[in-house]
Amino acid sequence: MPIFEVLTPMSVLLCFLGVFIGIIMGAIPGMTATMAIAIFLPLTYSLDMIDSIGLLIGLYVGGISGGLVPAMLLNIPGTPSSLCTTFDGYPMTKKGEGEKALKVGITASIIGGFFSLTILYFFAPMLASVAINFSSVEKFLIIVFALTIIASISKGSLLAGIFSGILGIFISLIGTFTDNNEMRLVPPGLEDELVYGFSLLPVLIGLFAIGQLLQEAEEGMETASHQKFDLQKGKNKFSFKLFKNQKVNVVRSSIIGTFVGMLPGVGGSAASITAYSQAKNFSKNPEKLGTGEPEGLVASESANNGLIGGALIPLLSLGIPGDSTTAILIGAFLLQGIEVGPLFITSNPDLWSGIIFALLIANLVMFTLMFFSIKYFAKIVLIPKYVIFPIIVVACVVGSYAINNGIMFDVWTLLLFGLFGYIFPKIGVQIPAFLIGFILGTQAEKYFIDSLKGSGGDLTIFFTKGPIAIVLWILILASLIYAVIDSRKTKKKAENQQAA
Amino acid sequence: MKKKLWMLLVVAVLGALLAACNSETEDVSEGGQEADQEAEEVSGDAENTSGEEASVDLNRIRVVIGSSSTGGDTYQNADAVSRYTEEALDTNMKVDAVGALRAFDELGKANDDGSTIMFFHDMAYLGVEYGSFDQDDELENWRIGPVVATNPGNAFLTSADAPYDTMAESAEWLEENPDETITVALESGGVSEIVFDGYYLWVEEEYGTDVTDRIHAYVTGSQEDKNQALWDGNTDIIHGSIGANKQYTEDGVEDKIKMKFLGITAGERVEGFDVPTFAEQGITVDGEEFVFDKEFFFLMPKNVDENFATALNDAIADVVKNPDYEEDLNTNTYIVNHKPADEAEEYLLDKREKFRSIIERAPDLDEIAK
Amino acid sequence: MDVKEFFTIEMSYSTYHLVFPRIIMFILIVMGSFLLIRTLVKKSKDRENSAPFKFFTNHYDRVKFYGTIILLTTYAAVLQHIGFVLTSIIFMILLTLLFIGNLRKKSILVSITNGLTTTIVVWYVFGQLFDITLP
């Protein structure tokens with residue numbers, strides 16, 4: 001079907017606008033794709049369905065992609081799903097390869113986006129029924145699988161890394177358990193503030209942005225080494241050839257991203273986390289990941305754009321949102337009186353191809369806009385710290401306040417975890433591991449309890465549920481064993497180097 | 001709203017153009033900021049032309065709702081009524097999906113000028129009765145605003161291949177098959193618990209405790225969780241609604257996920273759906289037909305400004321007569337149901353009284369939850 | 001005891017919320033104490049070699065560090081009382097000045113520009129255009 005029979009010029013224009021605003025929102029620490037879509041949701045009522053789809057898909061793609069900019073350049077993940085992008089992106093910027101890093105990330109993003117789009121287009125209905133075969137047991141195991149990354153990204157002490165992750169899970173459990181509306185682990189006196197626990201976004205940007213701010217303040221806001229250098233040190237220029245060696249990585253990460261994104265209720269951040277840990281497990285030089293390898297960027301970014309197509313699969317073929325962003329998209333359909341459900345694709349063929357085309361255009365626009373403006377984006381790192389940090393603080397405060405529609409306590413959360421972000425590294429708690437625990441903790445609990453509710457409290461259900469569960473256990477064990485061996489190897493190498 | 005969107009478009013295009021012209025020669029940060037400032041002026045001018053003369057003295061009314069989802073019936077009803085009321089009041093209304101506990105919290109802290117009001121359904125008082133919300137949040141501590149809509153599709157569903165077709169038949173089936181059990185997925189403290197309790201008490205009256213002993217509850221959260229619980233085989237019956245679940249009941253849906261309705265709790269059938277009401281099925285509690293209409297209404301701070309309360313009440317009275325509003329509700333199978341504020345207050349207090357006795361005798365979830 | 005029984009957790013509606021936190025707390029305490037003991041043992045073993053634990057880096061910038069903390073806390077504390085625009089402008093000017101570290105004419109100019117533009121852009125774009133709830 002020719003594109004312009006389905007898409008009106010208006011919808012293409014709105015898609016363009018959506019991507020543009022989405023990228024900016026995603027690039028501001030504290031603003032997310034989810035928030036961008038929520039803001040524009042009431043506006044879509046006055047538009048035709050196809051036009052509003054263009055706008056919302058544009059916002060979604062732009063919002064997820066924009067997150068890589070601050071993640072790479074400032075070590076602040078713009079959105080939760082770009083957490084793993086900081087692991088290799090920031091070290092590259094420090095080495096003076098900021099622009100290259102951005103280009104690698106953007107290219108990986110569009111590949112991941114197209115990959116998942118293809119899967120969405122050809123296999124949506126089929127994969128959707130696979131997705132609902134994943135009961136709470138399998139979902140719990142997927143989360144555990146994603147958590148094993150904690151072991152493989154631990155720097156220094158493996159045990160300290162795992163401890164940090166568990167601490168993150170523990171903190172995430174503070175608040176109310178929704179099944180029975182009972183509060184737990186809440187310090188007395190804070191019941192009103194912590195009914196829903198700490199919000200993810202203020203915790204995330206607090207740990208990274210405010211934590212880093214305090215650390216820089218302690219060091220006196222010196223000009224950083226990478227600010228003195230040119231962004232492009234001669235020989236290390238970006239070239240598409242770089243992706244030649246990354247074929248397997250790109251495909252694997254896109255598949256993981258699409259697949260994890262597809263599982264209802266698991267979604268976003270878990271996708272890029274799992275892809276990153278697998279990139280590390282399969283890498284020829286695992287010890288190099290985390291020190292500024294394009295390989296890590298490719299994994300994280302192709303996975304988090306892959307999840308967009310993935311999350312749309314259960315949404316469009318079953319009416320079940322795959323993540324929090326698609327949950328808001330459902331609202332957009334309902335406002336127009338359109339039911340998203342198992343018959344959506346067959347009964348709305350025009351809308352369905354409209355969505356596919358909108359995704360296609362959004363990805364292209366995202367790539368073009370970002371790839372060619374990246375030179376200017378990258379200069380963010382050259383802005384003096386005394387200018388950029390106050391801006392970041394205000395953006396973070398506004399974002400935290402607005403994320404739950406105006407809660408002052410979220411601003412205090414931001415500052416509290418900012419303080420933690422400063423203290424943690426000094427006492428050996430590893431921030432990335434902590435955060436991954438925090439992000440996945442509540443989901444782990446939900447599916448753990450759901451599984452037990454189904455089995456009447458019988459724990460063996462996790463092993464006896466069926467073949468998928470067994471496969472997942474094998475993956476989990478393999479991932480753990482690999483991480484332990486790798487950690488030993490790295491340690492030995494370090495010792496050898498010291499001896500020599 | 002449409003105007004705003006156009007404004008945004010213009011701003012973005014201008015911004016992009018400006019940035020493109022400047023960026024080659026200028027330092028980035030400045031180029032960006034300048035474009036932003038320029039954009040500001042452009043849209044700032046346009047904003048002023050829509051001269052405002054408000055019938056309430058507020059630029060913006062924040063409507064907090066008791067649900068944190070933008071896909072649920074609370075949001076849709078809040079959005080529809082706000083869209084029409086903001087015109088009538090000549091102000092801006094913004095729906096914030098903050099969730100029940102936070103909505104009450106915000107309302108408790110709100111100014112008395114009407115700048116923050118709440119929109120919710122029967123769970124507002126049921127939650128207090130069930131102990132999910134604080135006693136301080138009971139109806140007496142708020143100023144009750146008008147009732148504006150009903151969701152008549154409050155329903156129970158099961159898999160398409162289940163051996164019973166109505167809620168009444170499910171109890172009969174349980175009696176005939178003493179080895180079988182039924183698990184019902186519901187959310188605690190809400191509308192789904194009260195209608196489950198109605199069913200449970202009726203079965204107890206009609207068939208006795210050896211049947212109710214085999215009815216279990218699977219307590220969970222959102223509609224998606226309930227659907228998934230049915231597909232996982234963890235429950236046999238789920239609470240849902242016609243609006244949210246009808247797409248799984250239609251012809252052509254895969255067998256594995258296909259559902260069927262077992263009955264709705266409203267007083268009358270929903271047009272276009274062959275789903276019997278609880279009353280038709282003969283479900284009674286204390287000899288009276290069990291009817292539960294899920295109704296949506298406004299709550300305001302206790303000492304809200306009298307002028308505001310009147311203005312809102314009057315505005316709503318106009319909105320509900322608007323056929324466009326009715327059509328908007330109907331697209332999502334909701335119906336207009338208007339009760340002005342004074343009537344609504346009496347009505348809701350009565351309704352609460354009526355269901356209080358059911359809640360008092362309701363089964364303890366500790367005993368029936370798996 | 002039956003194996004099956006050993007692997008079964010008592011599930012009761014009113015205590016759903018405690019099951020998982022208890023498991024996590026148990027693991028946390030076991031690992032925490034192990035790590036603590038290990039660190040202490042290591043410390044006592046090579047007391048001569050290891051330098052005493054130091055929280056701050058050498059010659060840390062007291063003024064900027066404590067200044068930032070005080071500014072941040074004050075900002076959050078007065079934000080809702082004075083309003084977003086005014087508080088943010090003042091806060092940004094002060095923070096920028098603190099980081100520059102002097103009161104030269106140029107610094108003051110930079111800080112005022114930074115404070116004014118950022119705040120107004122944020123206020124206008126997010127507060128007015130996008131209708132985000134600002135403090």
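These are my entries on a predicted model, in the order I looked things up.

**Entry 1: where chain C meets chain A**

I began with the head count at this contact: 58 residues come from chain C and 65 from chain A. Which residues of chain C lose the most area to chain A? I got C:His17, C:Phe20 and C:Phe99, which together account for 12% of what the chain C side buries.

Next I checked the polar side of things.

Helix H2 (16-45), helix H3 (62-82), helix H4 (84-100) and helix H5 (105-129) of chain C each put at least two residues into the side facing chain A. H2(C) gives the most, with 16 residues. Sorted by class, I have 41 nonpolar, 13 polar and 4 charged residues on that side of chain C.

**Entry 2: ring pairs**

How many aromatic pairs does the structure hold over all chains? My list has 37.

The one I took from chain B is B:Phe156 with B:Phe278. Their ring centres are 6.0 Å apart and the planes sit at 25°, so I logged the pair as stacked; the cut-off for that is under 30 degrees. B:Phe156 is in strand S5 (residues 154-159) of chain B, while B:Phe278 is in the loop between strand S9 (259-264) and strand S10 (284-285), so this pair ties together parts that are 122 residues apart in sequence. Are these two buried or exposed? B:Phe156 is buried at 0% relative accessibility, and B:Phe278 is buried with 0% as well.

The one from chain C is C:Phe65 with C:Tyr66. Here the centres are 5.1 Å apart and the planes stand at 75°, so I wrote it down as edge-to-face, which takes over 60 degrees. C:Phe65 is buried at 3% relative accessible area, whereas C:Tyr66 is partly exposed at 38%.

Ring pairs link A:Phe198, A:Phe409, A:Phe417, A:Phe420, A:Phe424, A:Phe434 and A:Phe438.

For contacts in chain B with a separation of 6 or more, 78% are between residues 24 or more positions apart.

Then I went into the loop between S9 and S10 of chain B, where B:Thr277 lies. B:Thr277 is buried, with a relative accessible area of 2%. What does its side chain have beside it? A polar atom of that side chain is 3.0 Å from the backbone nitrogen of B:Glu280. Setting aside neighbours within four places in sequence, I find B:Thr277 in contact with B:Ile264, B:Ala266, B:Gly267, B:Glu268 and B:Arg269.

Definitions and conventions. Residues are numbered from 1 along each chain as its sequence is written. Chains are lettered from A and ligands numbered from 1 in the order in which they are written. This is a predicted model: local features need pLDDT of at least 70, side-chain atom pairs count only at pLDDT 80 or more; totals for chains, interfaces and linings use all residues. Side-chain values use heavy atoms; hydrogens and water are left out. Contact means heavy atoms within 4.5 Å. Buried area is the accessible area (1.4 Å probe) that two parts lose on being put together, summed over both. Helices (H or I, at least four residues) and strands (E, at least two) are DSSP runs, numbered from the N terminus. Ala, Val, Leu, Ile, Met, Phe, Trp, Tyr, Cys and Pro count as nonpolar, Asp, Glu, Lys and Arg as charged, and the others, Gly among them, as polar. Rings of Phe, Tyr and Trp (its six-membered ring) pair if their centres lie within 6.5 Å; planes under 30 degrees apart count as stacked, over 60 as edge-to-face and the rest as tilted. Buried means under 20% relative accessible area, exposed over 50%, partly exposed in between (1.4 Å probe, protein chains only). A polar contact is a pair of N or O atoms within 3.5 Å; within protein, one must be able to donate a hydrogen and the other to accept it, and residues adjacent in sequence count only if both atoms are side-chain atoms.
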